[in-house]
Amino acid sequence: MHDWRFKMIRHVFLDVDNTILDFNKAEAIALEKTLSALSVPHSPEVIRRYSQLNLAQWKLLEQGKLTREQVKVRRYRLLFDELKTDASPEKAARIYEGLLGQGHYFIDGAVEMLQALYGSFHLYLATNGTASVQKSRLKSAEIEPFFEQIFISEELGCNKPETAFFERCFAAIPDFKKEEAVMVGDSLTSDILGGIRAGIRTVWFNKDLNESSGEIRPDHTIKALSELPGLLRSM
């Protein structure tokens, strides 16, 4: 176990999807438009099934079993196979990515949290999302000025929870000390496991009150972003 008692938090790494921006809402809207453009019948059940398939493919990416490009197409191939449609998975992937980058939807309390943290901590974004999509959404959300650096896995050449992802982030930050850093995110297998492996403290944003597997243990858990500023100042 690390002894953090005498080290205050200075560096805060924040995940993007479902931590600051509502990815689930953006995903559903972009997917519905994508399927409509391809004349593929869809329903709330189809949207939910795509989300399940998509999440499973990203888990495989985290495990190093798929590449990002494979994820983009494979999720649609699996969905279209189930729907027994001959629509093109490759075309769906292109349309969807363009739509996903349009606009943004904030998680409740995200802007207020950033305003409360800004100026008191060094803030960084750490995301596994596709670079073009994330940059478009961040620009739309107008939150880039809050962050000193934005780390996108596609640009770093490795993904959370790989230790290499975090080490490349750390190397880019002047006067960085692991004992003064924390990773905040909604994903146990990406954000929290990655932070643990990298040797920094972790805060799990668990707004849906999901059960922890017990194998991945965050240092702290919050259910609302409004809890984060006070927690970081007490750590």
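**View 1. Helix α1 passes helix α2 in a right-handed crossing.** A crossing counts as right-handed if the near helix is turned clockwise from the far one by less than a right angle, left-handed if anticlockwise. The model is predicted: local features need pLDDT of at least 70, side-chain atom pairs count only at pLDDT 80 or more, and totals for chains, interfaces and linings use all residues. Numbering runs from 1 along each chain as its sequence is written, and side-chain values use heavy atoms, without hydrogens and water. α1 spans residues 23–37 and α2 residues 44–62. They pack at about 115°, axes 10 Å apart.

**View 2. Residues where α1 meets α2.** From α1 come Phe23, Glu27, Ala28, Leu31, Glu32 and Leu35. Their partners in α2 are Val46, Ile47, Tyr50, Ser51 and Asn54. Contact means heavy atoms within 4.5 Å. By class, the contact holds 7 nonpolar, 2 polar and 2 charged residues.

**View 3. Gln57 in helix α2.** Gln57 is buried, at 3% relative accessible area (buried: under 20%, 1.4 Å probe, protein chains only). Beyond its neighbours within four places in sequence, Gln57 contacts Leu66, Val71, Arg74, Arg75 and Leu78.

**View 4. The largest pocket, with a volume of about 960 Å³.** A pocket is an open set of points on a 1 Å grid where a 1.4 Å probe fits, with protein on both sides within 12 Å along at least five of seven lines; lining residues have an atom within 4 Å of a point. The lining has 39 residues; Asp17, Asn18, Leu55, Asp186 and Ser187 lie nearest the centre. Helix α2 gives the largest share, 7 residues. The lining divides into 9 nonpolar, 15 polar and 15 charged residues.

Technical notes:
Axes are lines fitted to C-alpha atoms, for helices over the stretch in contact, and angles run from 0 to 180 degrees between N-to-C directions. Helices (H or I, at least four residues) and strands (E, at least two) are DSSP runs, numbered from the N terminus. Ala, Val, Leu, Ile, Met, Phe, Trp, Tyr, Cys and Pro count as nonpolar, Asp, Glu, Lys and Arg as charged, and the others, Gly among them, as polar. Buried means under 20% relative accessible area, exposed over 50%, partly exposed in between (1.4 Å probe, protein chains only). Grid points are joined across faces, edges and corners, and a volume is the space filled by probe spheres set on the points.
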